[in-house]
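Visitor: Could you walk me through how to read this one?
Guide: Gladly; here it is.

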Amino acid sequence: MQEELFNIQRQISRRRFLTRTSMGLGALAFGGLTGSTLMGQHPGSDPMGKILADRGLHFPPKAKRVVYLFQSGGPSQIDLFDYKPVLEKMHGKDLPDSVRKGQRLTGMSAGQSSIPVAASYFSFKQYGQSGAWVSELMPYTAEIVDELCFIKSMHTEAINHDPAITFFQSGNQQAGRPSIGAWVSYGLGSDNENLPTFIVLVSKNAGGQPLYARLWGNGFLPSRHQGVQFRSGKDPVLFLNNPDGYDAADRKSMLGYLKQLNALQQDTYLDPEIENRMAQYEMAYRMQASVPEVTDMKDEPDWVYDMYGPDSRDPGTYAANCLLARRLLERDVKFVQLYHQGWDQHNFLPGAIRNQCKKTDQATAALVKDLKQRGMLEDTLVIWGGEFGRTVYSQGKLTKDNYGRDHHPRCFTMWMAGAGVKAGMSFGETDDFSYNIIKDPVHVHDFQATLMHLMGVDHERLTFKHQGRRYRLTDVHGHVVKDILT
Amino acid sequence: DWVIKAFNDNMPYDQFVTWQMAGDLLPNPTREQILATGFNRNHSQNMEGGIVNEEYRVEYVADRVNTLGAAFLGLTLECARCHDHKYDPISQKDYYQFFSFFNNVQESGQISWDNAMPVPTLLLTEEDVQSRLDYLNQDIAAALASMKERTIDEAAFEQWLADGGPKKKLTRDIRSEAIGWFPLDKLPVRNRRNPRQSGIMKQQFTPDAQPDLVAGKDKKGILLNGDAWLDLGGVGVFDRSMPFSIGLWINLPEDMTDGVIFHKGDGAIIFNFRGYHLALKDNRLQMMMAHSAPYNAIIEMGPEVAREQWVHLMMTYDGSSTAKGLQLYLNGKEVPTRIESDHLYKDILFPERDKQPGLQIGARWRGQGIKGGKVDDILVFDRCLHPLDVQQLAIGNQQGFDTEDLQALSSSQKQQLRSYYAMTETGHQRELKQIQKLRAKQNSTADSIEEVMVMAEMDHPRQAYILERGQYDAYGDSVFPATPASLPAFSQDLPRNRLGLAQWMTSPEHPLTARVTVNRYWQMIWGKGLVKSSDDFGNQGDLPSHPELLDWLAADFIESGWDIKALIRMMVLSKTYRQSSIPSSELMELDPENRMLARGPSGRLSAEMVRDQALAASALLVPTIGGPSVKPYQPAGLWRVNGGKYEADSGEGLYRRSLYTFWKRTIPNPTQRTFDAPTRSRCSVRREETSTPLQALVLLNDPTFTEAAYQMGLAMNKYANLSEGIQQCFRLLSGRKASQKEIELLTEQHAFEWEAFSQDPGRKNGWLASDLAVSDTAELNRIAACTVIASTIMNSDASLVKR
């Protein structure tokens, strides 16, 4: 790799190199910022610093890879993890103004004539050594709480899905900025030359609030950093399959000729971009083999399927995607993001959330267990969470066994597990109504800063200049949540 | 289409910019001039239920400012949205002064769920439809005129008076003439005029319920809880051509400032208030009839209204689609209103629904209702009631019209009676019917006309403020249209609106507009601008590599009359451009980026060009100009993540230039996106140029490219001499002749592929069209081999990179 880089460098200027090179070389994104030159002539002589910087790192990373299980729609913290016994007494009474404090509501419930408190329909128990509270909805997650670090004090700025999810994934409520995975790819490059750095899996067994390609988009970063959606079916990556009948050997010969043809062009034009493009063709060719190899899960033993649950045999389901995620992580794909829609329970919440948990709980827990068994949890960061939480008051009519909850940005629960994160921990606290945070608030930008930190990146130093300004994932905010780090 | 035509007609660039910025503000603007202003409306818009309307409206205005900066001024104005610009002399106040130019559009932050075109819009009326409309409008005008001129038969009128007509008419129970009469005295609630229609309390996701009966104005009435609405079973469905009147008694609670009294619609802003309503808004009565509020609507603000007592409210409408025809009566007296919007030009019904929502009382889905309010005696008429009728309903006959003594009538009373009498004449009734018939036709004709978003200035500009930290609701000082002190002065002679702004920008003295423009064309042709940061001419931008050249080009551009074609012609015919792009190794060492222009430019084709080039070279390209967007090939299922389904076109739609590809911002066309086409979420004037494995997969396997290769393979195979066929294919794709070595290599590959296909014919299936009328296997193998050769050339540097 180093050898290759030197060769390329001989031919082109550093700047051109930085803007044009492809996967695997993302480490160089830092070249212009750290004052280092291309190949490690860093100020000082700290050999560790040099190695880190070569790989685009500011700190020794705890996490080599991330799997982010995004629960789209906004799961109800009140019905899952943020246990509030006081609510039973308040059930049916209007949320006190002293709690709401005049904060804005969405246009969906702002017009409501009353906002009655709805205690959770579900029972809670404490689990594990850590004694974490988990509702009856998540029996499998309950089994792994000692691996998890719950953040009960997440908060965000947006109160509607589109801006909130865009904010979570790109650090800005309006479309146009790069997604977290794209920043990771830009900052750290790839550890696997045969698979994309950033892979996205969307559950087919869910519907709900829309998703957008920008959530895994590259924004203004070069397009190679965009997340590649793997889809179930015969063409997991767009245009992966050769024309019918034309097999890998045929393609290899064809590319051999293409390489020779390009070499003739190169002799005349001396443009290193020609070689670079040919390298991309070679990687495409390798992907044609490696993608089916990883997405075809027939070689998984029954006990694995049993652990992830029956859905895991049905490609494209959340459970199957969790299993596929583990296979991708095993191959050192740096950033795998799952999306599962359907947590937007404005009405009929008790029934809908039960269904939602059935589809996700077992496989989520299985993924954590599976990574642990394989010794991968120590350098893999697992994240579970949505774009905001839900209100303690009922949207729509509150009845004995039915209620809905509107969007609630002021507090919600996420969890992280694995690399560099304290296990069996609960961080942050909300008030008796799970409405306001009373201790250790964690803003979305803090979460993003922490994620980057765990990957060895200083969120303030990973920037990209675009339209006159140096942008970063966390805009001008974000503090690493040191208290949850090991 | 407007933009394409403007380029083809070589519209002078200053005019091009002026029309797009402010075509609607030009004197007597033409349709084309108004249409051009769509430029400032093509930002992303949000229809998510529950968003804060103002938050998004502000985003739209901000987008216009940011676009102005990036596209015309080469300034990063958006950096000054939250605080003064860190590097350039643009204060936050400057930003919001620009903002105030674009802030006067009667638009909605949340757009309608049924994809109604976000307002304001321009009707794109076809000529034949326009002539039909003109004809109808003429007839309507004529009928109205004749109705106005009609004089009553005075003798008959006097006779009517003498016969006690007023008493008979004005003491009768008008309620029995209603189509909806809900006394609300017992349950279930029924329409006395149509017992099949009954009323029930409805609320989203909640079982229907009987209303609560309480003491009413007359016997019983019903109590409202603010969340559930009394649905009256489908009465009250009127289109905008139909006259109607709706009235009720209501007792409003003390501290209620906002809430809907009655409406016909579905939710509130969700469908941009499609339908009509009478509501409390900011403590005043508000009447609305909307296709898509706030622009395509009639909105009138009435007075405040008494609380904790029964008041009679009635809204009457004459079918004219004008604010003048929409009246509000409070306790039987017509009350003056302030007109906030008066351009209803499409229907107030939901065109695609089998069942229209009808009249609903006291609350609405995702809106505010009248909690604690009481209503009684709801009436719905399918005509526009005369003021005397309304008065009688509200206060009974308290003005002495029932007198037998005609001398006792005042002259104004007599005048009222005269108009009342006129209304009852059969001739008048006939005319009304005729007018309504014409209006119904006009309505259905207008409803099918396509619309397009345009700019339209509000009658009274909206006050703009500095928004602290860029927050939509954090008002700082008020600001007015103005430009930064660091730029040329905004002449006193210019109007302080978008037109003045366009004139300021395109003034020959302006230092930025022309430079930014010629620089962007330079970038288009050379791959990089003379100022590399074509989006930033500020202190953080790049310095021009050839400042004098930039100045000269800009000055020449202005002197040429902002002639774009001349500018491009000059650039591409220049000696500099026409140099060979083959570098010496010394030059490559000295100036790898070619900033000094010692050789010709080279650069990868853009996303659109890569595809268009393959289509053009293979003769698949359909060169039609203009028309609706098309849906070329795209892998199935991509739109599923947000609930859509992409259905590719067949035939010509597959082969139009990429410019015409249907663009869905949330899931852009993958073929183009993979080659660095921006998502179009925001203004972008510069693209990254990357090289990725996904690009390789597109060029190798995307059906657009395999099909193009196949067409070229067919053509190649027709040459008696293979190397001639290869040469022709190579030239078409790369624009140059293949060298001897290249021909030899490709000939060798052809032999190789042919051999492979001969050994295993199944290998070629994917390369050939299934309907190919050739049965000779050897021939098929040759065609397939040629197809692979064409694909190889298509994937080569010679095709992808302009050199």
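Guide: A contact means heavy atoms within 4.5 Å. In chain A, residues 24 or more positions apart account for 78% of the contacts with a separation of 6 or more. This is a predicted model, where local features need pLDDT of at least 70, side-chain atom pairs count only at pLDDT 80 or more, and totals for chains, interfaces and linings use all residues. Residues are numbered from 1 along each chain as its sequence is written, chains are lettered from A and ligands numbered from 1 in the order in which they are written, and side-chain values use heavy atoms, leaving out hydrogens and water.

Visitor: How many helices and strands are there in chain A?
Guide: Both are DSSP runs numbered from the N terminus: helices are H or I with at least four residues, strands E with at least two. Chain A has 15 helices and 17 strands.

Visitor: What share of chain A counts as buried?
Guide: Buried means under 20% relative accessible area, exposed over 50%, and partly exposed in between, with a 1.4 Å probe and protein chains only. Of the 486 residues of chain A, 65% count as buried.

Visitor: Is E647(B) buried or exposed?
Guide: E647(B) counts as exposed because its relative accessibility is 51%. Its place is the loop between helix 17 (607-617) and helix 18 (670-674) of chain B.
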